[in-house]
Amino acid sequence: MKITTRQLAFNALLAALCAVLGLVSTIDLKIMKITLQSFPVILAGLLFGPLSGFLVGTVGTFISQALGPYGLMYTTIIWMIPYMVGGFVVGLLAKKKKYHNTKTEIAVIIAIAKVLILILNTLGMLLDASIWGYKSYAFAAIGPRCISCIVEIVIFSIVMMPILKACRRFVSNSHHTN
């Protein structure tokens, strides 16, 4: 698939949004973080496919990790993988219908992505704790984390379709206006 300049620029905007949301939309409750960081990653996968979802997840989370409180460490990749894989899977699922998914299909894709990110983040918490030698609260926080995941699925599913339609119009619009 040929990537247009407009798609490349839009992916860059989504990666930047992912980074910003990872830094400013995060509510840190110590045992869990609530963030909207995955929204632009999911949007990229729905718009352009698995490669874009993967790249937006990679670049966006790398930047937010680099600029975040812990900076870059050898465990940074652990926190990037859930978004990289989530964006890739969203793109694969959206591509099956040639990116013309129904509202229900998009909600299911969002749910799959959010649950996958939750599982991979939980495994990341356990791995990070074993590497750094601290006690992990990954399983103690699983109830609240699942509730947060469900809330995000509902919110993302409600707002995704109109945002997706607007983004598709913008990306496919070949007219340049001043």
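Reply: Here are the labels, each set against its definition. This is a predicted model: local features need pLDDT of at least 70, side-chain atom pairs count only at pLDDT 80 or more, and totals for chains, interfaces and linings use all residues. Residues are numbered from 1 along each chain as its sequence is written, and side-chain values use heavy atoms, without hydrogens and water.

Me: Which residues of α1 and α2 meet?

Reply: Contact means heavy atoms within 4.5 Å. Among those in α1 are Phe-10, Leu-14 and Leu-21; α2 brings residues including Val-41, Leu-43 and Leu-47. The contact divides into eleven nonpolar, two polar and no charged residues.

Me: What makes Thr-76 buried?

Reply: Buried means under 20% relative accessible area. Thr-76 has 5%, so Thr-76 is buried. Thr-76 is found in helix α4 (residues 76-96).

Me: What does the side chain of Thr-76 reach?

Reply: The backbone nitrogen of Met-73, at 2.8 Å. A polar contact needs a pair of N or O atoms within 3.5 Å, one able to donate a hydrogen and the other to accept it.

Me: Which element gives the largest share of the largest nonpolar core?

Reply: That core has 26 residues. A nonpolar core joins buried nonpolar residues such as Leu and Met through side-chain atoms within 4.5 Å. The largest share, eight residues, comes from α2.

Definitions and conventions: Helix = DSSP H or I, 4+ residues; strand = E, 2+ residues; numbered from the N terminus. Nonpolar A, V, L, I, M, F, W, Y, C, P; charged D, E, K, R; others polar. Buried < 20%, exposed > 50% of the residue type's maximum accessible area, 1.4 Å probe, protein only.
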